[in-house]
Amino acid sequence: MNKNSEMGSKSHPLKIFSGRNTRYLTEKICDSLNVDLGLSSCPVFADGEFEPCYEETIRGSHVFIVQSTPPPGDNLLELLLMIDAAKRASAYKIIAVVPYFGFARQDRKDKPRVSIGAKLFADVLSVAGIDRLITLDLHADQIQGFFNVPVDHLYASAMFVPFIEKMGLDNVVIASPDVGGTKRANTYARMLETEMVICHKTRAKANVVGSMSVIGDVKDKDIIIVDDMIDTAGTITKAANLMKDKGAASVRAFAAHGVLSGPAIERIEKSALTEVYFTDSIHPKTESEKIKYISVADAFGEAIQRVYKNQSISSLYYR
């Protein structure tokens, strides 16, 4: 018997599908829910064009499509085509599950003549036909308001905080790598009942840190830097090295999304960071022994199940 029949109803069964880039996580989510991964294919033409296709009926189904955006070109387009295909195949509800929504960094006009990419792609996803979005640790919380459909915003703190508590560190202090992350760091500090320090930085240009200073006492403390993502690792490694120079006993980092572009892994290897923890919202990279992953499959599985059953998820994941 198909395992999906245990989760689904006769009128509107639950079906989970994956884009090509996020299949590793989707399979874990399906295992968590004890359902079968939906059958789909994505033929690629000689010129690079591709055509996602569902290989089973989805008429009248709750269709959950799992796909993170990086690299954004093909993956975002594939997600949009899968949404369109589901709509044209008469799916009852279409829910985009985007563990990492990369364009969230483009949430405002911080200089003249630039786009607000987060708003643009919120509109594009809505027009394509989604009924709901489930995502993890957006770069800015207000991006939820860019969507004209409900957004279920999960937080990595639900996984990270219990893990940090079990690490048995003596003098934990939470650190924000920049002023913009103080709200997130304050949340972790409140949940862990610890103090907080802040790094103040200036940027020479995108992905390049100019100067940095630490606000707060880090001497003989076990520092945990929290952030939503690590891209080129310039900020996080500069902060770690600075705190170590100021007498920190150890420095670790926890970030929801391990983008790890360009020299990121090399920088982490050479830095004062003892360990760096990510979720598997983006395909894990294992080139460094310092980098470790905590899976969000169970969290997304629980969120999918609760959305399908019209149950609240705020009690589990709102932090």
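A residue is called buried when its relative accessible area is under 20%, exposed when the value is over 50%, and partly exposed in between, with a 1.4 Å probe and protein chains only. The model is predicted, so local features need pLDDT of at least 70 and side-chain atom pairs count only at pLDDT 80 or more, while totals for chains, interfaces and linings use all residues. Residues are numbered from 1 along each chain as its sequence is written, and side-chain values use heavy atoms, with hydrogens and water left out.

The protein chain contains 10 helices and 14 strands; helices (H or I, at least four residues) and strands (E, at least two) are DSSP runs, numbered from the N terminus. Its radius of gyration is 20 Å, close to the 20 Å that the globule rule gives for 319 residues, so the chain is as compact as a globular protein of that length. That radius is taken over C-alpha atoms, and the globule rule is 2.2 Å times the number of residues to the power 0.38. The C-alpha trace spans about 60 × 45 × 35 Å along its principal axes. Of the 319 residues, 55% are buried. The accessible surface comes to about 14,700 Å², and carbon and sulfur atoms hold 49% of that surface; the areas come from the Shrake-Rupley method with a 1.4 Å probe, and for residues only the protein chains shown count as cover. Among contacts (heavy atoms within 4.5 Å) with a separation of 6 or more, 62% are between residues 24 or more positions apart.

The axes of α3 (residues 72-88) and α4 (residues 117-128) come within 9 Å and cross at roughly 25°. Axes here are lines fitted to C-alpha atoms, for helices over the stretch in contact, and angles run from 0 to 180 degrees between N-to-C directions. Angles under 35 degrees count as roughly parallel, over 145 as roughly antiparallel, 65 to 115 as roughly perpendicular and the rest as oblique; α3 and α4 are therefore roughly parallel to each other. From α3, the contact draws on Leu76, Leu79, Leu80, Ile83, Asp84 and Lys87, and from α4 on Phe121, Val124, Leu125, Val127 and Ala128. By class, this contact has 9 nonpolar, no polar and 2 charged residues, where Ala, Val, Leu, Ile, Met, Phe, Trp, Tyr, Cys and Pro count as nonpolar, Asp, Glu, Lys and Arg as charged, and the others, Gly among them, as polar.

Pro71, in the loop between β4 (62-66) and α3, is joined to Pro70 by a cis peptide bond with omega about -15°. Thr22 occupies the loop between β1 (14-18) and α2 (23-33) and is buried, at a relative accessible area of 0%. Apart from neighbours within four places in sequence, Thr22 is in contact with Val66, Gln67 and Ser68.

In helix α5 (residues 157-166), the buried residues are Ser157, Ala158, Met159, Phe160, Val161 and Ile164. Just after α5, Gly168 takes a positive phi of about 70°. Asp170, in the loop between α5 and β8 (172-176), is exposed, with a relative accessible area of 70%.

Two residues other than glycine also have a positive phi. Glu193, with phi near 55°, sits between α6 (182-192) and β9 (195-205) and is exposed at 74% relative accessibility. Ala233, with phi of about 70°, lies in the loop between β11 (222-230) and α7 (234-245); Ala233 is buried, at a relative accessible area of 3%.
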